[in-house]
Structure formats: structure tokens, C-alpha cells
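Let's take a walk through this protein together. Have the sequence and the model in view as you read.

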Amino acid sequence: MDISFVAGFGPIGTSDSASLDFWRGALGIAFHENAPGYFHTDDLRGVKTFAIWPLSQAAEATFGTPEWPGSLPTPQAWIEFDVASPAAVADAVDELRAAGHEILVGAHDEPWGQTTSRLMSPEGLLVGVSYTPWMHEQA
């Protein structure tokens, strides 16, 4: 697997305002609310995206339901690694599976044009291996 860059990182928040109050209020990060409860910025230097991702939305994107499965640790944060192409996402999934890692959702196309897959790290981070076309330099 050849990771191009870290596409994004952020906490996985609850439905209350505590996460937003901390990250926006205490640290002064300016967010846009791209979807209800999903606070996002592309303006923080050093990371392509930093976002507070509600647990219900992370569960929906991973499992197709707003409830996180009780059989898995509840993630505290997410990190997404971008690879060179949609095919490279599928190759990464095959490589991770072959190494014995449990893939929560395999390579698939999201409605907004990103190709994603997800698994959990040993620390309980929700890890994405993705291809985000608008974040790659155009040739």
C-alpha cells in the first residue's frame, strides 16, 4: 500500500455540543456545518480536512445504520489515509484482509465521489483508506 497523504483527522463526537464547544470555542477553529452535526474545515494548515464527525454518521457511513455496534469499541476519533486511485483502495483492502485485519466496510463509492473503506485500529480509531479525487494534484 502506498499512502499519498493523510486526507483528514478529527474526533468522533456525541450529539451534544461539547465537542464543538471545545474545538471551536476553546481552540478557535472555524468550522462549516456541511451536514447537520458534521462540522468541517479545510482551512487548518497541516491537514487536508479536520472535522467533528458525529458517531451516528460514522456508524451510518460504515454500517448503514445510525447505531454503532455494541460488539466493537466506540471510536473516539477517525483518520483517513488517501491512496492514488479507487483501484488502490480495493488493493489496500485486499492487502489488509490478507494480513488478518477485519475490514468493517470494503472499497465502495460514496455519493459525493470519494472511494472509501474502513477498519478499526488496535487503539480504537476508525481508519479509512480512501481516494479523494479533489485532494490530489491534477496532472
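This is a predicted model: local features need pLDDT of at least 70, side-chain atom pairs count only at pLDDT 80 or more; totals for chains, interfaces and linings use all residues.

Residues are numbered from 1 along each chain as its sequence is written, and side-chain values use heavy atoms, with hydrogens and water left out.

Starting at the N terminus, you can trace the order β-α-β-β-β-α-β-α-β-β-β, which gives 3 helices and 8 strands (DSSP runs: H or I of at least four residues for helices, E of at least two for strands). The radius of gyration is 15 Å, close to the 14 Å from the globule rule for 139 residues, so the chain is as compact as a globular protein of that length (taken over C-alpha atoms; the rule is 2.2 Å times the number of residues to the power 0.38). Of the contacts with a separation of 6 or more, 53% join residues 24 or more positions apart (contact means heavy atoms within 4.5 Å).

Buried residues make up 42% of the 139 (under 20% relative accessible area, 1.4 Å probe, protein chains only). Carbon and sulfur atoms hold 55% of the accessible surface of about 7700 Å² (Shrake-Rupley method, 1.4 Å probe). There are 18 negative and 5 positive side chains (Asp and Glu against Lys and Arg; His and the chain ends are not counted).

Now find Arg 118 in strand β7, residues 115-120. With 4% relative accessibility, Arg 118 counts as buried. Leaving out residues up to four places away in sequence, Arg 118 touches several residues, including Trp 53, His 108 and Glu 110.

Terms used:
Buried means under 20% relative accessible area, exposed over 50%, partly exposed in between (1.4 Å probe, protein chains only). The place of a charge is taken as NZ of Lys, CZ of Arg, CG of Asp or CD of Glu.
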